[in-house]
Amino acid sequence: MVFGQLVIGPPGSGKTTYCNGMSQFLQLIGRKTAVINLDPANDQLPYECAVNIEELIKLEDVMAQYDLGPNGGLVFCMDYLEKNIDWLKDKLEPLMKDHYLLFDFPGQVELFTLHNNAKNVILEMVNKWDFRLTAVHLVDAHLCSEPGMYVSALLMSLSAMLHLELPHINVLSKIDLIESYGKLAFNLDFYTDVQDLSYLQHYLDKDIWSEKYRKLTEKLCEVIEDYSLVNFTTLNIQDKESVMDILKLIDKSNGYVFAGIEGNITEFNKIAAAPLNWDYYRYPLPFFFIQLSAVQEKYMKDDEDDR
Ligand SMILES: Nc1nc2c(ncn2[C@@H]2O[C@H](COP(=O)(O)OP(=O)(O)OP(=O)(O)O)[C@@H](O)[C@H]2O)c(=O)[nH]1
């Protein structure tokens, strides 16, 4: 069975850096990993990629030939990939036996909230090739610093979840930079747990730029809360404890942790119900489970620091 991750998120959210860091981490813990670059705008890759969409189609060629801008060009490239899905299958075939796959996707939000091309490629992998994939949706943590931007991050995440209909982990990436645009109004768990968005209203009322859209934002918050689907986990890709915490969630969501258990319902239930440390500790790395409060302490300023 093939397991892997679909790494998505808006431009600059850290997808390529994530694929690089996660693939190094996976190799470190003994998992044979291949990175597949499906972003034709990725010109400089920090990782060694096993498959590169550039071998099929180049964004600059499309833009020149059809007189398209970068967004239109990317949509064209994804349409082309969908039509040439056999190319992808041929390239992935040698990896299917024993590799864990990381897919680096383009950052155009509309590909994962609106168009069906990327979704159809993914559905083919999941439904026809029997891949077990989790969508890892990265959102830059600095969006928490402004209520309006945070609401748009929530909406974007919800739209991607509803559009893709896959196991899905939303991630606040670059958590080490979370307060680089100023101190946050709430504790970190407010932003990760998405429990009560009515508190945001007070901050939206104070912001003259948001005033015009206050009612709209209020209604959008109600939609997000009604679905009650979105929450976030945090990531600093340079911190291997942070990477491991995310990997644990992903492994549980796509069933990787259950892969070795054949017909043993007791073992299955034990893993499904337990907080998961599984066999990551087999490897000689000094890992600890970091609680959210520890993440907050590490990356956010205490009120006392301001005195
Ligand atoms: N401090 C910090 N910087 C990060 C982290 N993750 C990514 N970055 C930086 O964020 C910038 C953008 O990262 P990329 O990996 O290129 O983002 P991307 O989503 O692939 O961007 P596009 O290809 O344009 O869609 C780079 O300068 C990275 O070094 C992180 O966890 N912490």
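Author: Valine 223 is found in helix 9 (residues 214–227), where helices (H or I, at least four residues) and strands (E, at least two) are DSSP runs, numbered from the N terminus. This is a predicted model, in which local features need pLDDT of at least 70 and side-chain atom pairs count only at pLDDT 80 or more, while totals for chains, interfaces and linings use all residues. Residues are numbered from 1 along each chain as its sequence is written.

Reader: What makes valine 223 count as exposed?

Author: A residue is exposed if 12 or fewer other C-beta atoms, placed from the backbone, lie within 10 Å of its own, buried if 20 or more do, and partly exposed in between. Valine 223 has 11 C-beta neighbours inside 10 Å, and therefore counts as exposed.

Reader: How do you know that strand 5 and strand 6 pair?

Author: Two strands pair if DSSP finds at least two bridges between them; strand 5 (residues 131–140) and strand 6 (residues 168–173) have six bridges, in the parallel sense, and so meet that condition. Leucine 138, for instance, has valine 171 of strand 6 as its bridge partner.

Reader: Why are strand 3 and strand 7 said to stand at the edges?

Author: The open sheet of seven strands has the order 3-2-4-1-5-6-7, with parallel pairing. Strand 3 (49–52) and strand 7 (233–234) each have a single partner strand, so one side of each is left without a neighbour in the sheet.

Reader: What is the average pLDDT of the chain?

Author: The predictor's confidence in each residue, pLDDT, runs from 0 to 100, and the chain averages 87, with 87% of the residues scoring at least 70.
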